[in-house]
Amino acid sequence: MNPIPAIETFDLRIGYSLKGGKNNLVNEGLRLMLRPGEVTCLLGLNGAGKSTLLRTLCGFQKPLGGSIHLQGKPLTDYSQRLFSLTVGVVLTEKTNAGGITVYELVSLGRHPYTGFFGQLKKTDHAIIKQSLEAAGIAHKAKNYVSELSDGERQKAMIAKALAQQCPIILLDEPTAFLDVTSRIETMVLLRKLAKEQNKAILLSTHDLELAIQMGDCIWLQAKGQSMICGTPEDLILSGDFSSFFEKEEITFDVTTGKLQVQAAAVPVGIEGEMLTAYWAGNALIRNGYRPVAPQPGCLTIRCIDRHTIRIGLPTGETITAGSIAEMLGMI
Amino acid sequence: MNKQFNHIYFWLTGCLIFLFAGSLAYGSVTIPLDAVADILLGNEIGRESWKQIVLHARLPQSVTAVLAGSSLAVSGLLLQTLFKNPLAGPSILGISDGANLGVAAVMLYFGGSLSMVSSLPMSGYLAIVVAAFTGACLILGIIIYFSTKVKSNVMLLIIGIMVGYMASSLISILNYYASSDKVHAFVMWGMGDFSGVSLKQLPFFTTCTLLGLFLAILLIKPLNALLLGEMYAANLGIKVKRTRALILICTGILTATTTAFCGPISFIGLAVPHIARLMLGSSNHKLLLPVTLLTGGCIALLCNILMVLPGGSGILPLNAVTPLIGAPVIIYVIMNRKNIQYFN
């Protein structure tokens, strides 16, 4: 089984045209493939050109070279209307839609299908209702957009993209400005849509952990370099993640998939009850220690439960801390 | 879904009819309503002067007020949506000043005056309308140019105000070199008046404004998409550049025609869309545009009635009345912006 890629690019050059015929090139030679039924996360530091790439794929800006194929057909063959039936977008652009209801907002997604005055037919209403349900925002349909929380607004915009019935959805930082739970909710929703409706979903994000957890595929973008693409786990194991994110004081921890402040070389042995030990280790890392398996000659922390933490000093003495804060104070 | 709003249309239409009748009957000479009805129905009532007043002064003036009010209100709404700025309006963005400048050039430099214009054949006031349209479009062009360079709407608004000042200063220069009778005619025109359209010119005025209003109604669908911003609108299949141009042409026609005949009328374009949104609670243009149109007509008729001082002691300039209604609305909107849906 080898389905047609939703988006495929060949030797794509992206960037901005400047005055005097010069170009500000961001990336070149991009060979990308977005597959239906998958959530792809685009990661990159600020200024890496994530927005430029998304804008180019959204058709808001012309590529400097190369070609983009949507569902096997070159982008240049798409009329604006056909494009609006193929690619739905969710942007960070500030909207002025506070004064319309969620239902009206989602019904805007039917625009490419409706006639001159945008009159909605029965089927349109049915699709709007389905989209509201699928995005989990149906209970707010009658509310004004201004009454929604940021997370609900994002869901409403996703519902709009669903009402557009596009096989491809591109999202620009959909989880920025959201609190932790809304972030996860949004990602779970996008995954569900990819699996159940076989949509090809591409989103840019800064949320490394969430991307590793939820993304089927990861694109790592850096200015002037070729894109690194792959399944998150493969990229971690191959060391691509580490070399991509490592800076002077920041390292990518391949065991946890987190970015960490460079671990100082002071090893501390840790053992005992799992949960307490895990978080005690977390506190140690933050404070510049490196948790290791207990070994002779170094500080050892034995966690009995969360109120009893025994600290074994290298001298052989043992003191007991009642909490992690106390433990940190003692060592 | 729209049923809940039917009563608003009902009340607004009622208000419009009531105010229209009021402005036919009320004036420096009071004419009883039944006499007005008789005159309109063509019955003889024996008083030639009343017939003259109603048919040749008050009827065209009231029709003008309705159309001018609707035109300005609708162009205000279009600009507010296009610039994503609730404080945009034909007079704030300097578009009225542009039309003003065009009119000033014709009236002061080429020597047309309103009294002359009324007696001239079509080409006379056509020249003024064309000049007003050119001036309005010139300023619109400048604003559009800056709107592509300046991201912040507040900054754009300030640029609009500055451009308006520049147009005003050009008008002052024109005034300085013009003869005093022309200046007087121009100043009188600048105070705003719905009586500037004679029965003979009314068909032309009506055609132009109805054309503009019709064009605005055709723009309802893209206007709604523009609520989401230009990028979303483009993704929904809206041809943004074309829509932008159409909105500006439409605003140009409406503002220029109204300004050429009635003078630069302040605040109606700015305040009426807010009154309409506050009444409706929605910024869906399918509802908002017709309500703005009707409200504009009502407010203009109300101003037309308020202009007439009680006891027949004279008539106030229009621009002395519109800010009294418009400015408090804007202050109210700004003070309550946290609680108003469309601001958030």
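How many residue pairs are in polar contact across the interface of chain A and chain B? The rule finds 14, both residues at pLDDT 80 or more. A polar contact is a pair of N or O atoms within 3.5 Å; within protein, one must be able to donate a hydrogen and the other to accept it, and residues adjacent in sequence count only if both atoms are side-chain atoms.

This is a predicted model: local features need pLDDT of at least 70, side-chain atom pairs count only at pLDDT 80 or more, and totals for chains, interfaces and linings use all residues. Residues are numbered from 1 along each chain as its sequence is written, chains are lettered from A in the order written, and side-chain values use heavy atoms, without hydrogens or water.

**Stop one: the interface.** Select both chains. Chain A gives 37 residues to the contact and chain B gives 29 (contact: heavy atoms within 4.5 Å). Together they bury about 3,000 Å², 55% of it on carbon and sulfur atoms (accessible area lost on being put together, 1.4 Å probe, summed over both). Now pick A:Gln80, A:Asn96 and A:His111. In chain A these lose the most area to chain B, together 22% of what that side buries.

**Stop two: the core.** Select A:Leu53, A:Leu170 and A:Phe241. They touch the most other members of the largest nonpolar core, which has 181 residues. Such a core joins buried Ala, Val, Leu, Ile, Met, Phe, Trp, Tyr and Cys residues through side-chain atoms within 4.5 Å; buried means under 20% relative accessible area (1.4 Å probe, protein chains only).

**Stop three: a second core.** Find A:Val268, A:Ala277, A:Leu284 and A:Ile311. They are among the 13 residues of a second, separate core.

Terms used: Buried area = accessible area lost by both parts, 1.4 Å probe. Buried < 20%, exposed > 50% of the residue type's maximum accessible area, 1.4 Å probe, protein only.
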